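Here is a friendly walk through one model, written for someone who would like to follow along with the structure open. Take a look at it, then read on.

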Amino acid sequence: MDGSLQAARRDGDPLRTARLLQRSGEAARAFDLLLPLWGPADAALKSHVGTELGAAFGALERRERLARAADFELLEEEGCQEAGQALSRDLAPSRLIAGASCRPLRAALYANASSRLPLLLWGEHGTGHTLAARVLHALGGQSEATYREIYARSSRRRVEPELAALPEGGTLYLSYANEVDRWREWIPALCRERGLRLLIGMHTGVPQALTLDGRRVTSQGILPLRDRLGDLPALVYALLRRAGVEDPAQAAPAAALQDLADHDWPGNVRELANHVARAVRRSEDDPTQIETHLLNDLYHGLPGEVGD
């Protein structure tokens, strides 16, 4: 193998070099060799580079995938279909956070998925704090059974039995932490004692710096929907797939969905999710009417309310 690898390098054949590196268990080196080749390659070579990149990404250890996922997303945006397929296959939870505008959020989740340190997720109501927490937990290789969400106003007497059932290495997500302060007196200590990771959700604008145990907590903001209206087609398609629609693009063409940008979405993604669910429900007898209900049935009640 060493001789073949040296010959491939001497011949200036990066594809063959990458294949040999991967066969010898050096998938990370193979991926890093291939990544810069995709952009300048011609159409025929792009297909081969993309295929090898997808294979190398699949052979990476979890930490190595997470470290390279944000760069791989950039290739997907540039048209590398193999990148999108590999990300969907190997880091599927991240695909639940749809849209190019959320790339910084996904990058932050990739970067923090293997950590055990607390993380603060902040943003307006309905922007997706809980989804981000669940995705982060899943990207770390944890099962749903090792995740718990509690409300910051919950009493210690109520919470302790729930946390006792969580195995060491699990995750606790504390929602609406900006509403009260008393959780700081016991939640961090309890998480340390039980070996749990603490994720904190604050439904607010830019929060003040949060310090726990003398250390500043890393924070990540989540954009309101009005600041990411270009993501509407991707978000609607993700929500339609979640609702069981097999071909979202046929049900609602992307060009038509841009009309949804005329709504201000005060309830953010939660309101959009309810709106999509309502459109699907109203189209049960005639699925061809999904687009009509999406565009014409915007509910102007309370933010995020489903309505009838």
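Contact, or touching, here means heavy atoms within 4.5 Å. This is a predicted model, in which local features need pLDDT of at least 70 and side-chain atom pairs count only at pLDDT 80 or more, while totals for chains, interfaces and linings use all residues. Residues are numbered from 1 along each chain as its sequence is written, and side-chain values use heavy atoms, with hydrogens and water left out.

**The sheet**

Helices (H or I, at least four residues) and strands (E, at least two) are DSSP runs, numbered from the N terminus. Two strands are said to pair if DSSP finds at least two bridges between them. With that in hand, look for an open sheet of 5 strands with parallel pairing, in the order 2-3-4-1-7. Its edges are strand 2 (147–151) and strand 7 (218–221), each of which pairs on one side only. From one strand to the next, the twist averages 20°.

Strand 2 pairs in the parallel sense with strand 3 (residues 171–175) over 5 bridges. Ile150 has Leu174 in strand 3 as its bridge partner, and Tyr151 has Ser175. Strand 2, helix 9 (residues 156–164) and strand 3 together make a right-handed β-α-β unit. Right-handed means that, with the strands pointing away from the viewer, the path from the first strand over the helix to the second runs clockwise.

**Helices**

Angles run from 0 to 180 degrees between N-to-C directions, and axes are lines fitted to C-alpha atoms, for helices over the stretch in contact. Helix 7 (residues 103–112) lies across strand 1 (119–123), strand 4 (197–203) and strand 7, and runs at about 155° to strand 7. Helix 8 (residues 129–139) lies across strands 1, 2, 3 and 4, at about 150° to strand 1.

Elsewhere, helix 3 (residues 27–34) packs with helix 5 (residues 62–77) at an angle of about 10°, their axes 12 Å apart. Angles under 35 degrees count as roughly parallel, so helix 3 and helix 5 are roughly parallel to each other. Ala28, Phe31 and Asp32 of helix 3 meet Glu64, Arg68 and Phe72 of helix 5.

**Residues to look up**

Buried means under 20% relative accessible area, exposed over 50%, and partly exposed in between (1.4 Å probe, protein chains only).

| Residue | Relative accessible area | Class |
|---|---|---|
| His137 | 4% | buried |
| Ala177 | 1% | buried |
| Trp265 | 0% | buried |
| Asp213 | 57% | exposed |

His137 sits in helix 8. Not counting residues up to four places away in sequence, His137 touches Gln142, Ser143, Thr146, Tyr147 and Thr171. A polar atom of the His137 side chain lies 2.7 Å from the backbone oxygen of Ser143.

Ala177 belongs to the loop between strand 3 and helix 10 (187–194). Leaving aside neighbours within four places in sequence, Ala177 is in contact with Ala152, Trp183, Ile200, Gly201 and Met202. The C-alpha atoms of Ala177 and Arg16 are separated by 53 Å, with the two residues 161 apart along the chain.

Most residues other than glycine have a negative phi. Asp213, although not a glycine, has a positive phi of about 55°; Asp213 lies in the loop between strand 5 (211–212) and strand 6 (215–216). Trp265 also has a positive phi, near 50°, and is found in the loop between helix 13 (254–257) and helix 14 (268–282).

Methods:
A polar contact is a pair of N or O atoms within 3.5 Å; within protein, one must be able to donate a hydrogen and the other to accept it, and residues adjacent in sequence count only if both atoms are side-chain atoms. Angles under 35 degrees count as roughly parallel, over 145 as roughly antiparallel, 65 to 115 as roughly perpendicular and the rest as oblique.
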